Amino acid sequence: VFTFYLDEERMRREVAAGRHRDVIGGLWDEIGALQFDWLARQGLRSDHKFIDIGCGSLRAGVRLIPLLGQNYYGIDVSPALISAAVDEALAVDPDFPPANLAANGDFALDTFDQFFDVGLAQSVFTHLPLSELARCLNTTAPYFKLGARLYATFFRGPPDRPVRQPSGKWSFADRDPYHFDPAAIEATTPPSWEFEWIGDWNHPRDLQMVAFTKL
Ligand SMILES: C[S@@+](CC[C@H](N)C(=O)[O-])C[C@H]1O[C@@H](n2cnc3c(N)ncnc32)[C@H](O)[C@@H]1O
């Protein structure tokens, strides 16, 4: 097990205790707004089909659904978090289709019957090894339009030792929270995607931004 997010018993307990906004990392308003502002600056439009990979309880989604409506889609490994996400979505938009939110740990986007323009995986690959990034990019590629952008955030760090991030939090080469070297992320990128290191995007815990463009 790579990360406690895969412990569904625990996720069920957290959600039942009303802690679905905390368990995905807290800073609900700050990191929700950060994600919305980032995507808006990249030109996200209301007619874009958008996929939130590892959407959690919809920290970004509650801000994006007022813009995107039913063009917002989310996927997360945890059924408990997805059920909390459905409640959050309906609270901001009673017409939001719950089927746009799917519990799936295999990055399977075929259930949606859509081709996406833009995607985001925010603080998902900080909890998973690079083999999961490869699995994600390979599995999702057929469901993105040519030229589509998939943004993903990572801790940056050396391949062989822990490092203290500027926020003071430690990250690790081989366990959650994972960090990676940009060259390792690039080497993991399959030929269906083009890798681009963006870097700092003002994340309070120093996560760095990467863009993958669908080829
Ligand atoms: C730190 S939270 C971030 C949630 C959301 N992206 C946000 O910024 O609010 C990480 C999320 O990744 C999800 N996750 C972990 N492994 C996953 C997988 N294989 N497929 C989909 N989601 C996954 C977790 O369940 C959790 O909701």
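## Ground rules

Residues are numbered from 1 along each chain as its sequence is written, and side-chain values use heavy atoms, with hydrogens and water left out. In this predicted model, local features need pLDDT of at least 70 and side-chain atom pairs count only at pLDDT 80 or more, while totals for chains, interfaces and linings use all residues.

Let's start with strand β4, residues 116–121. Helices (H or I, at least four residues) and strands (E, at least two) are DSSP runs, numbered from the N terminus. Six of the six residues of β4 are buried, where buried means under 20% relative accessible area with a 1.4 Å probe, protein chains only.

Two strands pair if DSSP finds at least two bridges between them. Strand β1 (residues 50–53) is parallel to β4, with three bridges, and I51 has G119 in β4 as its bridge partner. Strand β5 (residues 144–156) also runs parallel to β4, joined by five bridges; here F116 stands opposite F144. From β4 the chain passes through helix α6 (residues 130–140) to β5 in a right-handed β-α-β crossover, that is, clockwise from the first strand over the helix to the second when the strands point away from the viewer.

## Two nonpolar cores

A nonpolar core is a set of buried Ala, Val, Leu, Ile, Met, Phe, Trp, Tyr and Cys residues joined through side-chain atoms within 4.5 Å. The largest one has 36 residues, and L39, F50 and Y151 are among those with the most contacts inside it. Elements giving two or more residues to this core include α1, β4 and β5; the largest share, seven residues, comes from α5.

L39 touches L44, F50, L64, V118, L120 and Y151, leaving out residues up to four places away in sequence; contact means heavy atoms within 4.5 Å. A separate core of 30 residues includes L109 and A152.

## Around the ligand

The ligand has 18 residues around it, with I24, G54, R59, D76 and Q122 coming nearest; a residue counts if one of its heavy atoms lies within 4 Å. A ligand oxygen is 2.8 Å from a side-chain N or O atom of R59. Ligand nitrogen atoms lie 3.2 Å from a polar backbone atom of G105 and 2.9 Å from one of Q122.

## A buried glutamate

E14 sits in helix α1 (residues 8–16) and is buried, at 13% relative accessible area. Beyond its neighbours within four places in sequence, E14 is in contact with R19, H20 and V23.

Note on methods. Buried means under 20% relative accessible area, exposed over 50%, partly exposed in between (1.4 Å probe, protein chains only). A polar contact is a pair of N or O atoms within 3.5 Å; within protein, one must be able to donate a hydrogen and the other to accept it, and residues adjacent in sequence count only if both atoms are side-chain atoms.
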